[in-house]
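Visitor: I am new to this structure. Could you show me how to read a few of its features?

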Amino acid sequence: MPDSTRKTRVNKSLLSDRFEKPIEWLIKICGWSSLAALTAILIFILKGAGPMISKINWVEFFTSTKWVPSPGTGNEPHYGILAMLVGTLSTTALALLISVPLGLAAAVYISEFATGKVKEFLKVLLELLAAIPSIVWGFIGLMVLAPLIQNWFGVQQGRNLLNGGIVLGLMSVPLIVSLSEDALRAVPDAYREAALALGASKWEIVFRVLFPAARNGLLAAVMLGLGRAIGETMAALLATGHANQIPSAITDPVRTITATIAAEMGEAPKNSDHYHVLFILGLVLFVITGVVNVVADLVIKGTKKHV
Amino acid sequence: MSTHIEFSDVSVHYGQKRAVDRFSFKIAEHSVFAFVGPANSGKTTMLKCINRTIEFIDAAKVTGQVLLKGQDVKAIRDVYSLRRRIGMVFPLPVGLPLTVYENVAYAPRRMGVRNKAELDEIVERCLRDSVLWDEVKDRLDMLGTKLSGGQQQRLTLARALSLSPEILCLDEFSIAIDPVTTMKIEDVLMQLKEKMTIILVTNLTQQARRMADHVAFLNDSELVEWGENEAMFNRPKKEITGRYLNGEFG
Ligand SMILES: Nc1ncnc2c1ncn2[C@@H]1O[C@H](COP(=O)(O)OP(=O)(O)O)[C@@H](O)[C@H]1O
Ligand SMILES: [Mg+2]
């Protein structure tokens, strides 16, 4: 008996020895390939932007709201993206203001309060919501929200910052809910029991125990929701009104960077200055998402050290 | 001595599965009562009936009566106040995601202690009683989850003591703690007996022998027998009890 057990143990360790190296390599390759993909995307954008990187006036680019990329003959083109930058950032901020509280509340409800059939039903509903294509969301903004906003606020144009923010916010809710719910579920039950045994109420457990314990996962959920709102194109195009101006009220139409690229890529002649500038817009989006991710990382690290 | 806790015909089912089968016993005030028995014999489930955290498990159904100083725990309206009367130390170390200090100060603060000096005093006393103070006194503002397993286990004990509970339940508390520290904690517990009733769940029969006034033996969801420490170890009524307590099976 002892002999045979020893044999199987030896076999096992030989087996794991044989596979350890290749698996390590596989993991390394996966890690590096994501970096390679990122680099490839960056190269692709830079190549598309090409000559315009040195040709455009970068000060005007960031400080002017004048966007005349394909002027009539004899006229100067203008490439000022300030209005679009404001449009993208303001719709995204508004979207987060809606999606984060809604998403977190729903996640808490599903993971901590709902039971049995209700829980199952909500999860299915969530998957359905997540599967709605963005063009449909755009239509909801266009056909449902726009008239409502016109009525409530008594404005001419129902497609505006508010509309865009609501649509983008609602769109990112399912993503935030399902990721946050995963993060909350990953908190061991032992934590809940420990807090319960101390006489904590359910709400105290949520705020004092679950949120801190699931902090990284929750932040990741918010970040991905934010990414979805910043990157969304079709719904933004339909819901925001696509007007190139800095909004002075929440009911002013705005225009986002993504919608601009989508709307103008087709009409800009290939390899024209306009065409190249659209790639620079892509570069700006790339940098914004990069910065957001780095900041999120720092926040996670910062809170880790502090608490 | 008067009865502190009484189980009267208590059964617990998880769905169809029976985990506690008609337990009846009495625990005297200021005594140490040890429950020993193999894994899955229903020890943890039994403890959860006392502070009603069993209600947290949807599938669990409890019948019979758990009496605390003669009062049915089910009749206690404010379940949170009930839980604060009972300190509970779980087998797996759980440092809540708060600082070491806050882990211990959490419950007193909730009970209305605001004075910083008073809180400091409670935190130090509880950490000393759980033999953790010397190791953490210089890093009270570190996350509790960053402590080692054994330290977190003692932090759990400190947290339970912070409630100044009338009953302290310890569920296999020494699983993650080295023998020397375990002995130190056992000494402290023997002193704490002056202030509270201690329920000790353990599968170290020698620990029960050293500490308990009364011992109960559980096996396969049943309370095989219970009685005075000396009698249980030397003159058990059932043969299986003697075999288990003498380490011959399990
Ligand atoms: N949450 C639960 N759901 C279903 N069955 C459970 C649950 N907790 C414990 N049990 C079952 O109840 C029995 C007793 O478990 P437990 O009280 O944890 O025993 P012990 O603490 O003595 O190891 C075991 O068979 C276990 O599988
Ligand atoms: Mg147990």
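**Strands and a pocket**

Guide: Let us start with pairing: β7(B) and strand β8 (residues 197-202) of chain B run parallel, joined over five bridges. Strands, like helices, are DSSP runs numbered from the N terminus (E, at least two residues; helices H or I, at least four), and two strands pair if DSSP finds at least two bridges between them. This is a predicted model, where local features need pLDDT of at least 70 and side-chain atom pairs pLDDT 80 or more, while totals for chains, interfaces and linings use all residues. Residues are numbered from 1 along each chain as written, chains are lettered from A and ligands numbered from 1 in the order written, and side-chain values use heavy atoms, without hydrogens and water.

Visitor: Which residue is the bridge partner of B:Cys169 in β8(B)?

Guide: B:Cys169 has B:Ile199 as its bridge partner there. On strand β6 (residues 86-89) of chain B, which pairs with β7(B) in the parallel sense over four bridges, B:Gly87 is partnered by B:Leu168.

Visitor: Are the residues of β7(B) buried or exposed?

Guide: Buried means under 20% relative accessible area, exposed over 50%, and partly exposed in between (1.4 Å probe, protein chains only). In strand β7 (residues 167-171) of chain B, five of five residues are buried. One side holds B:Ile167, B:Cys169 and B:Asp171, the other B:Leu168 and B:Leu170.

Visitor: What classes of residue line the largest pocket?

Guide: Its lining has eleven nonpolar, two polar and ten charged residues. Here Ala, Val, Leu, Ile, Met, Phe, Trp, Tyr, Cys and Pro count as nonpolar, Asp, Glu, Lys and Arg as charged, and the others, Gly among them, as polar. A pocket is an open set of points on a 1 Å grid over the protein atoms alone where a 1.4 Å probe fits, with protein on both sides within 12 Å along at least five of seven lines; lining residues have an atom within 4 Å of a point.
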